[in-house]
Amino acid sequence: MDVKHIFFDLDHTLWDFDKNSKLTFQQIFQEQNIKLNIDDFLKVYMPVNLKYWKLYREDKISKSDLRFNRLKEVFDALNYKVTPNLIHLISDLYIKYLSTYNHLFDNTVEVLKYLQQKYELHIITNGFEEIQNKKLQNSGIANYFNQIITSESIGLKKPNSKVFEFALDKVKTVPENAIMIGDSYEADVLGALNSGMLAIHFTSENKSDSGVLTINNLIKLKDYL
């Protein structure tokens, strides 16, 4: 293994999306006087959100469809009456507030400091352009990465192999010298493997898929890299 470049996903891999998202919704619900228990809301929202992101990755819905319909479906499921205008407002406030909460996964900074001494580090993310850079800056980890590649900036989404080919070309390397680390088996792991790169699956489920190296804490990267 002759790795020179490490590509990380951001949400659910370094940046604790679930915790930050919960805090964001709590702020919005309080401001807009939405009388829903946040845990009841999130129990429905989280799988719905994943469903809509999968559709977005597959180019079956637009960004605006994702942002509106994931919320509408959840409020409908909870039988909570909201107007379309309020859904649009919540969606806008969510984007506005999300990057102001910056919880990272355990050991993120320690591991990035360690890896930066040995490799060039980069980000490949399907997240929205306007907030991914803010998340990196506000959480204090932007300086660890040489290239930040967002799906919106190149018009393609993981797991499309062209995303990984673009990233490899951008950093002037070959698949054999690069590894992808991410939480999504479909988008990150399979996308990278299909491009000839190595991959590590970061997941709390702590199980191996098809022989791919799996970790449940970022500190374990020190054992392999």
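Q: Before we start, what is a cavity here, and which are the lining residues?
A: A cavity is a set of grid points where a 1.4 Å probe fits but cannot get out. Lining residues have an atom within 4 Å of a point. Keep in mind that this is a predicted model.

Q: OK. How many cavities of 30 Å³ or more does the structure hold?
A: One.

Q: And how much space lies in the largest cavity?
A: About 70 Å³.

Q: Which residues line it?
A: The lining of the largest cavity is made by Asp11, Phe17, Trp53, Arg70, Tyr94, Ile95, Leu98, Gly127, Phe128, Ile131, Gln132 and Lys135.

Q: What's the lining like by class?
A: Seven residues are nonpolar, two are polar and three are charged.

Q: Let's switch to helix packing. At what angle do α1 and α2 pack?
A: About 125 degrees, with the axes 11 Å apart. α1 covers residues 17-31 and α2 covers residues 38-57.

Q: Left-handed or right-handed crossing?
A: Right-handed, as α1 passes α2.

Q: Which residues meet there?
A: α1 brings Phe17, Asp18, Ser21, Lys22, Phe25, Gln26 and Phe29. α2 answers with Ile38, Asp39, Phe41, Leu42, Tyr45, Met46 and Asn49. By class, that contact has eight nonpolar, three polar and three charged residues. Phe17 also lines the largest cavity.

Q: Next pair. How do the axes of α2 and α3 cross?
A: At roughly 150 degrees, and they come within 9 Å. The two helices are therefore roughly antiparallel to each other. The crossing is right-handed.

Q: Who touches whom in α2 and α3?
A: On the α2 side you have Phe41, Val44, Tyr45, Val48, Asn49, Lys51, Tyr52, Trp53 and Tyr56. On the α3 side you have Lys63, Leu66, Asn69, Arg70, Leu71, Glu73, Val74, Phe75 and Ala77. The contact counts twelve nonpolar, two polar and four charged residues. Trp53 and Arg70 are also in the cavity lining.

Q: What about α3 and α4, at what angle do they pack?
A: About 120 degrees, with axes 9 Å apart. α3 spans residues 63-77. That makes this pair oblique. The crossing of α3 and α4 is right-handed.

Q: Which residues make the contact?
A: From α3: Arg67, Phe68, Arg70, Leu71, Lys72 and Phe75. From α4: Pro84, Ile87, His88, Ile90, Ser91, Asp92, Tyr94 and Ile95. They divide into eight nonpolar, two polar and four charged. Arg70, Tyr94 and Ile95 also line the largest cavity.

Q: Changing topic to the backbone. Which residues does a cis peptide bond join?
A: Lys158 and Pro159, with omega about 15 degrees.

Q: Where is Pro159 found?
A: In the loop between α7 (151-154) and α8 (161-170).

Q: Which residue has a positive phi although it is not a glycine?
A: His12, with a phi of about 70 degrees.

Q: And where is His12 found?
A: In the loop between β1 (5-8) and α1.

Technical notes:
Residues are numbered from 1 along each chain as its sequence is written. This is a predicted model: local features need pLDDT of at least 70, side-chain atom pairs count only at pLDDT 80 or more; totals for chains, interfaces and linings use all residues. Side-chain values use heavy atoms; hydrogens and water are left out. Axes are lines fitted to C-alpha atoms, for helices over the stretch in contact, and angles run from 0 to 180 degrees between N-to-C directions. Helices (H or I, at least four residues) and strands (E, at least two) are DSSP runs, numbered from the N terminus. A crossing is left-handed if the near helix is turned anticlockwise from the far one by less than a right angle, and right-handed if clockwise. Contact means heavy atoms within 4.5 Å. Ala, Val, Leu, Ile, Met, Phe, Trp, Tyr, Cys and Pro count as nonpolar, Asp, Glu, Lys and Arg as charged, and the others, Gly among them, as polar. On a 1 Å grid over the protein atoms alone, a cavity is a set of points where a 1.4 Å probe fits but cannot get out, and a pocket is an open set with protein on both sides within 12 Å along at least five of seven lines; lining residues have an atom within 4 Å of a point. Grid points are joined across faces, edges and corners, and a volume is the space filled by probe spheres set on the points. Angles under 35 degrees count as roughly parallel, over 145 as roughly antiparallel, 65 to 115 as roughly perpendicular and the rest as oblique.
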